[in-house]
Amino acid sequence: MLSKLLALVGLLSILHAAFSAIQYRTYLKLSDVEDINQLPLDIVLQCIISLVIAGIGLIASAPQFTPIAATAKFNAMTYDSDMDRASFAHCNHRGRALFANSS
């Protein structure tokens with residue numbers, strides 16, 4: 001629960017930093033300032049800190065990894081249930097041609 005709250009706070013803070021940057025640029029354009037290439041340090045720091053907080057929250061709220069070993073998944077399966085797939089069912093084979101006249 002705390003991790004999801006951290007992620008939410010971080011994402012909301014990133015949105016606030018973006019809104020602050022838009023407001024700052026609009027203010028500079030309206031006041032005819034020529035140097036509008038750099039944002040203030042407080043907006044940059046808020047964006048970086050928010051990104052770190054959101055990243056920690058998202059990483060902490062991720063579910064547990066599943067094992068990648070095939071034996072962990074297929075230990076309970078039998079051979080028949082494992083090979084019972086449509087890709088193994090061949091309807092067009094030479095048995096029809098070999099045994100067509102035998103009945």
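**Note on a predicted helical chain**

1. Ser-31, at a relative accessibility of 33%, counts as partly exposed, where buried means under 20% relative accessible area, exposed means over 50%, and partly exposed is in between (1.4 Å probe, protein chains only). The residue is placed in the loop between helix 1 and helix 2, and a polar atom of its side chain lies 3.3 Å from the backbone oxygen of Leu-28. Leu-28 is itself among the buried residues of helix 1.

2. A word on the basis of these values: this is a predicted model, in which local features need pLDDT of at least 70 and side-chain atom pairs count only at pLDDT 80 or more, while totals for chains, interfaces and linings use all residues. Residues are numbered from 1 along each chain as its sequence is written, and side-chain values use heavy atoms, with hydrogens and water left out.

3. Confidence should be kept in view when reading the model, and pLDDT is the predictor's own confidence in each residue, on a scale from 0 to 100. The chain has a mean pLDDT of 82, with 76% of its residues at 70 or more. Among the elements, helix 2 has the highest mean value, 95, whereas helix 4 (residues 79-82) has the lowest, 62.

4. As to the overall make-up, the chain holds 5 helices and 0 strands, and its elements run α-α-α-α-α from the N terminus on; helices (H or I, at least four residues) and strands (E, at least two) are DSSP runs, numbered from the N terminus. Of the 103 residues, 13% count as buried. The accessible surface of the chain, from the Shrake-Rupley method with a 1.4 Å probe (for residues, only the protein chains shown count as cover), comes to about 9100 Å², and 66% of that surface belongs to carbon and sulfur atoms. Among contacts (heavy atoms within 4.5 Å) between residues at least 6 apart in sequence, 64% join residues at least 24 apart.

5. Helix 1 takes in 29 residues (2-30), and its end C-alpha atoms are 42 Å apart, which agrees with the 42 Å that it should span at 1.5 Å a residue; the expected span is 1.5 Å times one less than the number of residues. Its buried residues are Ser-3, Ala-7, Gly-10, Ser-13, Ala-17, Ser-20, Ala-21 and Leu-28, and they pack against helix 2 (41-60). The helix is followed by Asp-32, which has a positive phi, near 55 degrees.

6. Helix 2, with 20 residues, reaches 28 Å from its first C-alpha to its last, close to the 28 Å expected. Ile-43, Ser-50, Ala-54 and Gly-57 are its buried residues; seen down the helix axis, these fall within an arc of 60 degrees, so they line one face of the helix, the arc being that of the directions from the axis to the C-beta atoms. As background, an α-helix has 3.6 residues a turn, so residues three or four places apart point the same way. The buried residues of helix 2 pack against helix 1, while Leu-41, Leu-51, Ile-59 and Ala-60 are exposed on the other side of helix 2.

7. Two serines give detail to the packing of these helices. Ser-50, in helix 2, is buried, because its relative accessibility is 3%, and its side chain makes a polar contact of 2.4 Å with the side chain of Ser-13. A polar contact here is a pair of N or O atoms within 3.5 Å; within protein, one must be able to donate a hydrogen and the other to accept it, and residues adjacent in sequence count only if both atoms are side-chain atoms. With residues up to four places away in sequence not counted, Ser-50 touches Gly-10, Ser-13 and Ile-14. Ser-3, in helix 1, is buried as well, with a relative accessible area of 16%, and, under that exclusion of residues up to four places away, it touches Gly-57, Ala-60 and Ser-61.

8. Two further residues of helix 2 deserve a line each. Cys-47, which lies in helix 2, is partly exposed with a relative accessible area of 35%; leaving aside neighbours within four places in sequence, Cys-47 is in contact with Ile-14 and Ala-17, and its C-alpha is 9.9 Å from that of Ala-21, 26 residues apart in sequence.
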